[in-house]
Amino acid sequence: MPRAGLTPVRVVAEAEVVADAVGLDRLTLAAVAGRLGVRIPSLYKHVDGIDGLRREIAVRAKTELGQAMARAAVGKAREDALTALAHAYRRWAKAYPGRYAATIRAPAPGDVDDEVASATAVQVVYDVLAGFGLSGVDAVDATRALRATLHGFVALESAGGFGLPVDVDRSFDRVVDGLVTAMSHWGSMAA
């Protein structure tokens, strides 16, 4: 019988806290069980092992990141929308590093919940890029460039990779300005 008060949602929420504290790659069932005051076998009544737990974190994290970007971009267009989205992405990734790591992988084929969460987050980006006149394969290419740039910046920043004596926020603003410029001309660059 499951422990009173222990639910799949509570287990995943606790695992998110652990992942943010120690990193998604260092998340263990033992750490989650310890935080919840239960033994590891009790978790199996609520999640499908460590892989299932990481998958649940990924679905929730993609949904949360998508919502953060959407909230930031709503009511804005073009440069303002892209700038707001980029800053929201960076803020969220820095605030929730373990969860952010779970957003990186594409969903497994047939994992409907993960596919929906991923598609919803990507749609926010597509909606912003539509303001630049981008759709179809141009939007896919631009989304990949945007994501790669933002992820690269966030990953380097989180790993302590920016040691030069220039304000990192200033550098990020310049990167975002560059993305705005690139997206403004993206359609004309098509092969």
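The following exercises, with worked solutions, concern a predicted model of one protein chain.

**Exercise 1.** Describe the fold of the chain in terms of secondary structure, extent and contacts.

Solution.
Step 1. The chain contains 9 helices and 0 strands.
Step 2. Its C-alpha trace spans about 60 × 40 × 30 Å along the principal axes.
Step 3. Of the contacts with a separation of 6 or more, 68% are between residues 24 or more positions apart.
Step 4. Of the 191 residues, 39% are buried.

**Exercise 2.** Classify the ring pair of W92 and Y96, and state whether each residue is buried or partly exposed.

Solution.
Step 1. A search of the whole structure gives 4 aromatic pairs.
Step 2. In the pair of W92 and Y96, the ring centres are 5.3 Å apart and the planes meet at 50°, so the pair is tilted.
Step 3. W92 has a relative accessible area of 8% and is therefore buried.
Step 4. Y96, at 31%, is partly exposed.

**Exercise 3.** Determine the geometry of the pair F153 and F172, and identify the surroundings of these rings.

Solution.
Step 1. The centres of the two rings lie 5.0 Å apart with planes at 65°; angles over 60 count as edge-to-face, so this pair of F153 and F172 is edge-to-face.
Step 2. The pair links distant parts of the chain, with F153 in helix α8 and F172 in helix α9, 19 residues apart.
Step 3. F153 is buried at 8% relative accessibility, and F172 is buried at 0%.
Step 4. Ring pairs join F153, F162 and F172 into a cluster.
Step 5. R90 is placed over the face of F172, 4.7 Å from the ring centre.

Key: Residues are numbered from 1 along each chain as its sequence is written. This is a predicted model: local features need pLDDT of at least 70, side-chain atom pairs count only at pLDDT 80 or more; totals for chains, interfaces and linings use all residues. Side-chain values use heavy atoms; hydrogens and water are left out. Helices (H or I, at least four residues) and strands (E, at least two) are DSSP runs, numbered from the N terminus. Buried means under 20% relative accessible area, exposed over 50%, partly exposed in between (1.4 Å probe, protein chains only). Contact means heavy atoms within 4.5 Å. Rings of Phe, Tyr and Trp (its six-membered ring) pair if their centres lie within 6.5 Å; planes under 30 degrees apart count as stacked, over 60 as edge-to-face and the rest as tilted. A charge sits over a ring if NZ of Lys or CZ of Arg is within 6 Å of the ring centre and within 35 degrees of the ring normal.
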